[in-house]
Amino acid sequence: MALVAAVQAGAQKLNFGKGSPLYKLQVAETAINVLYVDSVDENKLVEDAIRGMLEKLDPHSSYVTAKEMKAQAESLKGNFDGIGVQFNMVEDTLLVIQPTTNGPSEKVGILAGDRIVTVNDTAIAGVKMPKEEIMGRLRGPKGTKVKLGVVRRGMHGLLHFTVVRDKIPVTSVDAWYMIRPGIGYIRIGNFGAQTYNEVMNALNEMKAKGMENLIIDLQDNGGGYLQAATKIANEFLEGGDLIVYTKGRTTPRNNFTADGYGTMKTGKIVVLINEYSASASEILSGAIQDNDRGLVVGRRSFGKGLVQRPIDFDDGSEMRLTIAHYYSPSGRCIQKPYKKGGKQEYARDLEERYKHGEFVSADSIHFDDSLKYYTVKKHRTVYGGGGIMPDYFVPLDTTKYTAYHRKLAAKNVIVDANLRYVDKNRKKLLKEYPTFEQFNASYNVPDAYINEIYSEGEKKDIKPKDEAEKQKTTQALKLQLKALVARNLWDMTQYFQITNEDNSIVMKAVNLIEQ
């Protein structure tokens, strides 16, 4: 209501009289709706007009439909109503990867590896039903019932389950574990409504295991809620430390500061970022870096530092209007430069940075003295110009995956083969490796598993250029497949426990803490 009042108050100062821009816009909309040769959808006409105005502004002001609003809210609010399964589509059939622990599906006996083929007596397998429609049939208000027809390996006929839908948590912490004695690792996928609580739970459990130092992995984290990022930053900073501030043309400066009651104000902190780390990720990493609380490792972040204010419409849609910039404690504007209306050029920025060599060489980045800033406590030099520059640059390894490997991945050959392999061998694997620790120490990817992938690739005309490329692909595939098997048998934490040992950014952080 306060926002609506502010907009109305501003509108009272505007000129609605003849000859004014607003009068001209109203006449144009009315004329098109009344006189145009073909019928028009007036609602869509207005939506297109709003989008047209916003497209001439900054890259992040946007219009979101009511349907899009609902989908986006689910990913950040921390839960949705549904049956509680992780699944993948395999050959036009829904394959359950894992039922949510203590979720509605697990409670009625649905298992990993089950295939859901009917929902309320309607076939969803073998009919090329869009994934979005399948999800729509599975989801529904808490307390409602849905009848599922399930095919289970080793069982004859169709199994029937009635699931009572419930709140299903949407987690934003992808993984956390003790990566080395005394060193905790936590990977945050985005900043949602429950992220702070998830992070605190992980920190408390790792402290109980002897954690003294911490790696915070924000690679590929595109952001989310500002409050989640500031509450997490607060846990590491001293009272009065500035976390971030905002300022705009008509928006006064607003400081976000630490309250001094953080639970981890000692110990080494290393934050990991890359070119896809944006917005709230940059707020957290900038706060740690500028207050000299820890080090930032990786590559320059995306540079998304614009503050959007939501303006709600009665139909459930929303306009997100940029009203201010985010600034790190040293005074750096997080937002990278842009031209008004230049959204296509802005979207190509990462591609241009890649072509320029920024991802593989720190020397390719040149800063003007006007972009020089200083950290708050130790007065170390840091640079502005958009995004957060790491204290330690780690180049992108462009030779890690062969062209052959990338083609196999792009055509889903690797993921599909993994799902088939785990589905067929799940019981055998869990019997042989009851714990992840035993699996990680002893499991080796069978040659037959690799050969199946290569055979499937050949069917799609994907072949290595020579034996050397094939051998290099095999080496990388073995690590990837071991991690994928672990993910399907356990969870994402186990996936990262395997892949992180081959992640140069993560290993740089480990080395810095151990020094």
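Predicted model: local features only at pLDDT ≥ 70, side-chain atom pairs only at ≥ 80, totals over all residues.

Q: Where does N234 sit?
A: N234 is in helix α8, which covers residues 226-234.

Q: Is N234 buried or exposed?
A: N234 is buried. Its relative accessible area is 11%, and the cut-off for buried is under 20%.

Q: What does the side chain of N234 reach?
A: The backbone nitrogen of D259, at 2.8 Å.

Q: OK, switching to E275. Where is it?
A: E275 is in a loop. That loop runs between β15 (269-273) and α9 (280-290).

Q: Buried or exposed, that E275?
A: Buried: E275 has 4% relative accessibility.

Q: Which side chain does the side chain of E275 make a polar contact with?
A: The side chain of R299, at 2.8 Å.

Q: And what is E275 in contact with, leaving aside neighbours within four places in sequence?
A: R299, R300, S301, F302, L350, R353 and F359.

Q: Is D121 buried or exposed?
A: D121 is exposed, at 60% relative accessibility.

Q: What about D292, what is its phi?
A: Positive, about 55 degrees, and D292 is not a glycine either. D292 sits in the loop between α9 and β16 (295-298). D292 is buried, with a relative accessible area of 14%.

Q: What happens in the hairpin of β17 and β18?
A: Five residues lie between the strands. G316 takes a positive phi there, near 95 degrees.

Q: Helices next. How do α15 and α16 cross?
A: Their axes come within 11 Å and cross at roughly 110 degrees. An angle from 65 to 115 degrees counts as roughly perpendicular, so α15 and α16 are roughly perpendicular to each other. The crossing is right-handed.

Q: Which residues make that contact between α15 and α16?
A: From α15, D447, Y449, I450, I453 and Y454. From α16, K470, T473, T474, L477, K478, L481 and V485.

Q: Tell me about K478. Is it buried, exposed or partly exposed?
A: K478 is partly exposed, with a relative accessible area of 37%. K478 touches V445, D447 and I450, leaving out residues up to four places away in sequence.

Q: How far apart are K478 and T266?
A: In sequence, 212 residues. In space, 39 Å, C-alpha to C-alpha.

Q: What about α2 and α3, how do they cross?
A: The axes of α2 (residues 21-35) and α3 (residues 42-55) come within 11 Å and cross at roughly 150 degrees. This crossing is right-handed. E29, I32 and N33 in α2 meet E42, L45 and V46 in α3.

Q: Last one: why is α17 called largely enclosed by the rest of the structure?
A: Seven of its eight residues are buried, so the helix, residues 492-499, is largely enclosed. The buried residues are T493, Q494, Y495, F496, Q497, I498 and T499.

Q: What covers the buried residues of α17?
A: The cover includes β10 (173-180), β11 (183-188), α14 (436-442) and α16 (467-489).

Definitions and conventions
Residues numbered from 1 in each chain as written. Heavy atoms only, no water. Helix = DSSP H or I, 4+ residues; strand = E, 2+ residues; numbered from the N terminus. Buried < 20%, exposed > 50% of the residue type's maximum accessible area, 1.4 Å probe, protein only. Polar contact = N/O pair within 3.5 Å; in protein donor to acceptor, adjacent residues only side chain to side chain. Contact = heavy atoms within 4.5 Å. Pairing = 2+ DSSP bridges. Axes fitted to C-alpha atoms, helices over the stretch in contact; angles between N-to-C directions. Parallel < 35°, antiparallel > 145°, perpendicular 65-115°, else oblique. Left-handed = near helix turned anticlockwise from the far one by under 90°.
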